[in-house]
Amino acid sequence: MKIKRILTAAALCLTGTAASLACTSLIATPGATEKGSSMVTYAADSHTLYGALYHQPAADHQPGSMRQVVEWDTGRLLGEIPEAAHTYETIGNMNEHGLTIAESTWGGREELEGSGLIDYGSLIYITLQRAKTAREAVDVMTDLVNKYGYASSGESFSIADASEVWIMEMIGKGKTDKGAVWVARRVPDGYISGHANHARIHKFPLNEASTLYSPDVISFARKQGYFNGKDKDFDFSRAYAITDIGAVRGCDARVWSYFRRFAGADAMDKYTPWILKAEGDPFPLWVKPTEKLTANDMKWMMRDHFEGTCLDMTQDIGAGPFDCPYRWRPMTYKVDGKEYTHERAIATQQTGFSFVADMNAARHDAMKGILWFGVDDANTCVYVPVFNSTTTVPKPLDEKTADLYTLSWDAMFWVNNFVANQAYNRYSQMIPDIRRVQNGLESDMENAVALAEKTVDGMSYTDAQRHLGHITDQWTTKATSDYKDLGQYLFVKYLDGNIKKEENGTFKRSADGMPVQPVFGGYNDRYFRSIVDDAGERLEVPASQH
């Protein structure tokens, strides 16, 4: 996602205003996954985005019908374009054919902000209504901006169907030319990839079917003075994006952490100078994992805070007395005239919604695409199963149920926030209780989906659609209810800094039914030491005098 004004990659990733709309998309191709699925993740991170599941029914349109183009970030009407004769049903960022599109904004050169008709959000949702496959989607997206112009800044897109995944990067051509320059690459089967608010396509082959690009992607860069070498040496990211500490530390580092977890430290730690200081070579656009990934692996990667890396957010004093892997905005701050930064991990508190899209042609057409969908912080959310054949949005995920200024216990977004915002204050103490409920729900839902895959085999599409819709409704309702109960439980258990004792799943009472003395959880040793370093002389207890 993006903000209304265009910023450099550094500002986008590190400043308090821009970081509110920074996103992450991770990719796994069929040959890299345990069951031969294409997988794409997405986190829509924003301080002003209410997490809900968007839906648009399929429709037939009369000749001459027009479609309004409304800018996704602002709600501003940009204009109209002719409607397609038939538009496909969409649920979230997936359509009825299992095509999925995700994005992340990198801004790029300010003078190239697009002035056309199609913003990046409209580009995604219009394409989902008009394309069946990833390859077709690339054509639809580029045709749209060629015909009507591009209205946004630098953007990366993950475009996936059950067979393949493409990464496309695009940027406008400024105020005098409404078009765009772009390059798209098909991720080789057996590899993983990703992007997170920085352009990840560097040099690319000029004569391969797996790479597509606008005819003027190099010549326009020459014209603008961004590049003056040989065509074979052209680097899209270097030409059109801004490569600085913010772009690599605040953005590329998220993808590096993903690669490191599944391709190994030996393969990725040599790129540490790049993610810390933008020194040396950038790490590859894709890597081969050492093991096959599952949808569950992708869910947990979306919960990453750099654990186990040199950027681990639980390991410095900023994590506070309860090892909290979160940092409140603004992202940068000054001490004694020097500027410092917090880390920006994949999992972050201001996520509106996130998903793991799992597309597999071996499943029934009604569940060819499974959108594991969650709202609020990916780390503490519950991912519920939504299917490519889904035609109605469950009430807890409906954007009409509540909004960012209206709390509702019927809304999954608010119930998840009820849980997460308690954990931010006493993370190390509360997260085991959250994991217990979260893991239980997600495990049960995964089992339910596995059973459904067998159950719908042989059913008509309509019958399978009805059965799967019931599963989505049932589990969304249950997850919302269970998380409301979890939030109440946390409030009672950890009241006033204490930790109530439990026995056989209930809070412990004395023989006469009275409350028992709670545990005093205190703080971690690092926090105690920081207090002593700051004010130890004043707080030291004198030795006993005899």
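Visitor: Why is Asn 197 called buried?
Guide: The relative accessible area of Asn 197 is 0%. Buried means under 20%, exposed over 50% and partly exposed in between, with a 1.4 Å probe and protein chains only, so Asn 197 counts as buried. This is a predicted model, in which local features need pLDDT of at least 70 and side-chain atom pairs count only at pLDDT 80 or more, while totals for chains, interfaces and linings use all residues. Residues are numbered from 1 along each chain as its sequence is written, and side-chain values use heavy atoms, with hydrogens and water left out.

Visitor: Where is Asn 197 found, and what is the value of its phi?
Guide: Asn 197 is in the loop between β14 and β15; helices (H or I, at least four residues) and strands (E, at least two) are DSSP runs, numbered from the N terminus. Its phi is near 75 degrees, a positive value in a residue other than glycine.

Visitor: What does the side chain of Ser 104 reach at Asn 197?
Guide: The side chain of Ser 104 reaches the backbone nitrogen of Asn 197 at 3.1 Å. Ser 104 belongs to strand β10 (residues 100-107). With a relative accessibility of 0%, Ser 104 is also counted as buried.

Visitor: What makes the pair Ser 104 and His 195 a polar contact?
Guide: The two side chains come to 2.8 Å. A polar contact is a pair of N or O atoms within 3.5 Å; within protein, one must be able to donate a hydrogen and the other to accept it, and residues adjacent in sequence count only if both atoms are side-chain atoms. The side chains of Ser 104 and His 195 therefore make a polar contact.

Visitor: Why is Asp 312 called buried?
Guide: Its relative accessibility is 12%, so Asp 312 counts as buried.

Visitor: Leaving aside neighbours within four places in sequence, which residues is Asp 312 in contact with?
Guide: With those neighbours left aside, Asp 312 is in contact (heavy atoms within 4.5 Å) with His 305, Phe 306 and Glu 307. The side chain of Asp 312 also makes a polar contact with the side chain of Thr 314, at 2.8 Å.

Visitor: What makes β12 and β13 a pair of strands?
Guide: Strands pair if DSSP finds at least two bridges between them. Strand β12 (residues 165-172) and β13 have seven bridges, so they pair, and the sense is antiparallel. The bridge partner of Glu 169 is Val 183 in β13.

Visitor: How many bridges join β13 to β15?
Guide: Three bridges join β13 to strand β15 (residues 211-213), and the two run antiparallel. Arg 185 has Thr 211 in β15 as its bridge partner. Strand β13 (residues 180-186) is mostly covered, with six of its seven residues buried.

Visitor: Why is α6 described as largely enclosed?
Guide: Of its 19 residues, 17 are buried, so α6 is largely enclosed by the rest of the structure.

Visitor: Where does α6 bend?
Guide: Helix α6 (residues 245-263) bends by about 45 degrees at Asp 252. The bend is the angle between axes fitted to the seven residues ending there and the seven starting there. Just after α6, Gly 264 takes a positive phi of about 100 degrees.

Visitor: Which strands are at the edges of the open sheet of seven strands?
Guide: The sheet has the order β16-β14-β1-β2-β19-β20-β21, with antiparallel pairing. Its edge strands are β16 (286-287) and β21 (384-387), each of which pairs on one side only. Two bridges join strand β14 (residues 192-195) to β16, and Ile 192 stands opposite Val 287 in β16.
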